[in-house]
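Trainee: I am new to this structure. Where do we begin?
Mentor: With the helices, then the ligand.

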Amino acid sequence: MIRKVVGIYYSPAGGAELMTETLVRKIGAILDDCSPLDVSVECHNMLKEQIDSLVFDDETVAVIGMPVYVGKIPLPAAAALRKTAGAGAMTLAVVSYGGRKYGNALFELKRLSEECGFKAIGAGAFMISYMARRGSSRGSAPVIDLEALSDFGKAASEKIKRLAGCEIEELKIKPMPVEVNGRMPVHKISRISPKAAAVAQDIFNRLSVLRRRSEWFL
Ligand SMILES: Cc1cc2nc3c(=O)[nH]c(=O)nc-3n(C[C@H](O)[C@H](O)[C@H](O)COP(=O)(O)O)c2cc1C
């Protein structure tokens with residue numbers, strides 16, 4: 001039985017944070033509604049705290065959120081995630097992106113989460129745009145594709161309920177492997193600090209031409 005939904009995210013400009021928190025709240029509410037016990041929710045920001053001491057188990061659902069940088073996940077975020085132990089917790093790997101291409105980022109994040117012992121049961125790439133804050137020439141507030149995120153949250157919750165429905169290990173349904181667009185990374189990007197990423201984000205927003213939509217896989 002699921003007792004906890006935990007979000008962990010890396011988010012210099014706030015988009016991946018919004019995506020992860022929205023998803024955690026949605027899934028937490030759905031699971032809480034149909035559970036005889038309380039389902040708690042919590043979120044952890046990789047830029048503000050160490051995540052290696054977080055404890056996961058098969059009664060926890062983890063939502064891991066990161067931004068796409070040049071078709072990849074950010075190196076510091078990948079390094080932080082590498083120090084966690086998933087302990088078989090069901091996991092949704094999600095990336096936020098500016099609607100250009102998410103390249104290998106989703107594939108990389110799903111694979112990395114599995115290497116850390118999480119059981120990836122779903123993945124998604126969600127479009128973020130940034131609207132200028134009122135009265136501010138710099139900086140912008142992220143706006144997420146809420147419709148896609150809500151659809152994914154509902155469908156993922158149904159899958160979690162099916163998979164967590166049985167307490168006897170041998171009788172548990174084994175999920176099909178989740179197929180995600182992407183392949184092994186073929187390029188490296190240099191390390192980019194969170195501060196530099198936030199500045200680059202501003203430039204990216206100005207130059208970006210939206211071509212794609214959110215996509216998810218279960
Ligand atoms: C350095 C950098 C590289 C980016 N590369 C891509 C990219 O390849 N494709 C894309 O669609 N968006 C790209 N973006 C946009 C971000 O993926 C998107 O805005 C993301 O939501 C940022 O996450 P954050 O708000 O949590 O920092 C890039 C942004 C930055 C700053």
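This is a predicted model: local features need pLDDT of at least 70, side-chain atom pairs count only at pLDDT 80 or more; totals for chains, interfaces and linings use all residues.

Mentor: Helix 1 and helix 4 are oblique to each other. Their axes cross at roughly 40°, and angles under 35 degrees count as roughly parallel.

Trainee: Within what distance do the axes of helix 1 and helix 4 come?

Mentor: They come within 9 Å. Helix 1 spans residues 15–33, and helix 4 spans residues 146–164.

Trainee: Is the crossing of helix 1 and helix 4 left-handed or right-handed?

Mentor: That crossing is right-handed.

Trainee: Which residues of helix 1 and helix 4 make the contact?

Mentor: Helix 1 gives Met-19, Thr-22, Leu-23, Lys-26, Ile-27, Ile-30 and Leu-31. Helix 4 brings a list that includes Leu-146, Leu-149, Phe-152, Gly-153 and Ile-160. Sort this contact by class: nine residues are nonpolar, four polar and three charged.

Trainee: Now helix 2 and helix 3. At roughly what angle do their axes cross?

Mentor: Roughly 20°, and the axes come within 9 Å. Helix 2 covers residues 75–82; helix 3 covers residues 105–115. The angle makes helix 2 roughly parallel to helix 3. Their crossing is right-handed.

Trainee: Which residues of helix 2 and helix 3 make the contact?

Mentor: From helix 2, look for Ala-78, Leu-81 and Arg-82. From helix 3, look for Leu-109, Leu-112, Ser-113 and Glu-115. Four residues of this contact are nonpolar, one is polar and two are charged.

Trainee: On to the ligand. How many residues surround the ligand?

Mentor: There are 24. The closest are Ser-11, Gly-15, Val-68, Tyr-130 and Gln-201.

Key
Residues are numbered from 1 along each chain as its sequence is written. Side-chain values use heavy atoms; hydrogens and water are left out. Axes are lines fitted to C-alpha atoms, for helices over the stretch in contact, and angles run from 0 to 180 degrees between N-to-C directions. Helices (H or I, at least four residues) and strands (E, at least two) are DSSP runs, numbered from the N terminus. Angles under 35 degrees count as roughly parallel, over 145 as roughly antiparallel, 65 to 115 as roughly perpendicular and the rest as oblique. A crossing is left-handed if the near helix is turned anticlockwise from the far one by less than a right angle, and right-handed if clockwise. Contact means heavy atoms within 4.5 Å. Ala, Val, Leu, Ile, Met, Phe, Trp, Tyr, Cys and Pro count as nonpolar, Asp, Glu, Lys and Arg as charged, and the others, Gly among them, as polar. A residue is near a molecule or strand if one of its heavy atoms lies within 4 Å of it.
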